[in-house]
Amino acid sequence: MIARWLAFWWLAAPLFGQFGFYAVNGGAEQPLDTSYSLGTAGAGDGLAQCLRLKNIGTADGSVSLLSISGAGFVLKEVPRLPQTLPSGQYLEFTVGFQANDTGSYSASLKADRLSVFLEVTVTPSLTVFVAESGGQRRLSAGATVDFGSVERGSQASRRFTLSNQTRQGLLPAVALSGSGFRLDSAAPTQLAPGDSATFTVICMAEQAGTLSAVLQIEQRQITLKASVTEPPLPRPAIVLDLLNAASGQQGTVSVRLVSAARGRGSGKLSVDFRSSIAGADDPAVLFPLTGSRTIPVSVVEGDTAARFGALSAVEFQTGTTAGMLLFTLQLGGFTDQATVTVAPAPVHLEAVSAARSGNSLELRISGFDNTRTTGGLAFTFYDRSGVAVAPGKIQVECCRGFPEILHQCQRGGHVCAYARSSRLPGRQARSIARRCRLPTRRPRSPASRCG
Amino acid sequence: MILVSLCLGTGSAQEPLAAPLVGWLRDGGQLRAMYGIPGNFLPGPAVRDAVWSAAFSGTEGVVKTDSEVITLDRAGQPLRALAAPSGPALFAFDRAGHAEWCYFRHLRQLRHLAGGEDPANLSELSGSVLALGSDGGNANLLVSRGAELWRVTVSVDGQVLAEESLRGLPAGGPAAVSQDGTIVAADGAALVVRRPLAEDCLVALPARAEGLELMGEGWVRVGQPDGAPPLALHLTKAGVSVYRLPATGERP
């Protein structure tokens, strides 16, 4: 039995000799000898130290136990054991400490048969509270005070209380580092046993985003943070300015705010077209400024109307198809809508010109049919006295398939279609041109291009 | 929207239906057609790049590239081309809408587009030429001299035939002359329109005019600052209207 026990130690001793404890501070390793001081803590404050158990030998080593013994000391984030550590690898863990009474504290940290002596000195210190939710929360080192969500341009504050619950007078050392926070009043300079004093920290929300600072009270570091948000925008409303709710119009649209904006924001205005004709769209329904059906909008402080870039209003086109234009604004969490209804209308002729060209009459008519129901054209020429010129009504089957042609037009472009007209004797063409005083053009070949 | 062109007669039995052409314009250095009717526009695709200057009468057009002046038909197809110096140019059309004059701004040269004459050197002409018009075989130059705008009539060989002060018209901005003699002159974010035998008309713009170019019969392209799409000034017997032309995909 004795021989077996000696054999175990003969085999095991070299293995534990290949491990070492290290303290990790700021990413750097510091090898620990037989003892290590974790530093000084205020009474009631916590301390934490990151440590490593590292295999410093050349062979694999096994770790089966990690423990600490000592009042106020605890192990945190302990890795699962047993483990075999290859050469150069380590286990990382944390030693925590907290004690309410002043004095010197020590503990023994062990990894199997390797051990190190840890020490902490607890000094008299102030007790710190912050007023929250109608009560007082005690703050220890490393605590965080969250100012919550603060609107840009406004302020939020938290009141801190320093209480001397020790038997000796203390000199509070209070400092604040970081932007976006400031001490509202000077911190107290001396606190007798049993006394307390308050001071206020103000968060100044000047830019949207996250604010963070460190409040140092004696050796304690307390993190302050706040989330700065934009003030909500006032409710926006779409304002349409369109003299004639009909096809072929350019109107303007603007966005009014119910009150001056306290913050800034952005969104978009879109126009959707709901055609009265099944399956038809109209690409001319758009905002010319963007050449599309959406346009970005923005608001800055003081605005009473949203901006479209540098403009306070932008044009929109009603297209040439009966239907409904639905404007939708999304801005600052609000959605507003407005509509323009374009009613079906008779064929609109924008321009008509006529000329005699050799033995033919050339008519050029520009316009639109917002119902896409045109089927045929009939032309009657009148002289200046209003008398119909022979042969009277000339029926032209030019528009067979008009709806299909228009559908093609709506797909973006231009389309050619050819129609065979009624044939007129050359003398009739000349007669119409003469009686209607139509200009004469040089004969030209039929146009065959569409743009 | 659709354009109906019909031929009633014995000579031609077929004619197209097509989107109505408002005109052709320069947009970010590209030439493209603009279709539609007043207040309802759709841009066509770019058909030519690197265009320094462009003007269209509704009958013909002229574009200036880095090395050529190209006359185009109504459909934008080239009719003829002339070698030209680099830089922008001004153009003028006769009353029938045919391209007639070209003025090379950098060299201060005037060229008759139909004739074979050498360009006339106008470097001795005082003032800055803002626009070009046609006057029965002669060229009408709108010239900025200090705070005044002048109309200077020049023959094909560069002889100054007449000069006239155009009182009341701004001289500090771009200008244009249509084939019917209408003058459009920019004054910041406003345009003054002067038609023969009519009172001047003042037209407000959303922003200052940056360049005026004829883009079709009765249509003037009004450039806008900060990359905004251009405006279109429509001159009709009934009055003057301004529209915003749709932006194109190439716009930054």
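Start in chain A of this predicted model by selecting the open sheet of five strands, whose order is 13-12-15-18-17 with antiparallel pairing. Select strand 13 (135-139) and strand 17 (181-183) of chain A next: these stand at the edges. Each has a single partner strand, so one side of each lacks a neighbour in the sheet. From one strand to the next, the twist averages 30°.

Now show the cysteines A:Cys50 and A:Cys203. A:Cys203 has 0% relative accessibility and counts as buried, because the cut-off for buried is under 20%. A:Cys50, at 22%, falls past that cut-off and therefore counts as partly exposed. How many disulfides are there over all chains? The count is zero, with a pair of cysteine sulfur atoms required to lie within 2.5 Å.

Move to chain B and select B:Ala186, found in strand 19 (residues 183-186) of that chain. Is B:Ala186 buried or exposed? With a relative accessible area of 3%, B:Ala186 is buried. Leaving aside residues up to four places away in sequence, display what B:Ala186 touches: B:Pro170, B:Gly173, B:Pro174, B:Leu191, B:Ala209 and B:Leu212.

For the last stop, draw a distance between the C-alpha atoms of B:Ala186 and B:Val203. These two residues are 17 residues apart along the chain, and the C-alpha separation is 9.4 Å.

Key
Residues are numbered from 1 along each chain as its sequence is written. Chains are lettered from A and ligands numbered from 1 in the order in which they are written. This is a predicted model: local features need pLDDT of at least 70, side-chain atom pairs count only at pLDDT 80 or more; totals for chains, interfaces and linings use all residues. Side-chain values use heavy atoms; hydrogens and water are left out. Buried means under 20% relative accessible area, exposed over 50%, partly exposed in between (1.4 Å probe, protein chains only). Helices (H or I, at least four residues) and strands (E, at least two) are DSSP runs, numbered from the N terminus. Contact means heavy atoms within 4.5 Å. Two strands pair if DSSP finds at least two bridges between them. Axes are lines fitted to C-alpha atoms, for helices over the stretch in contact, and angles run from 0 to 180 degrees between N-to-C directions.
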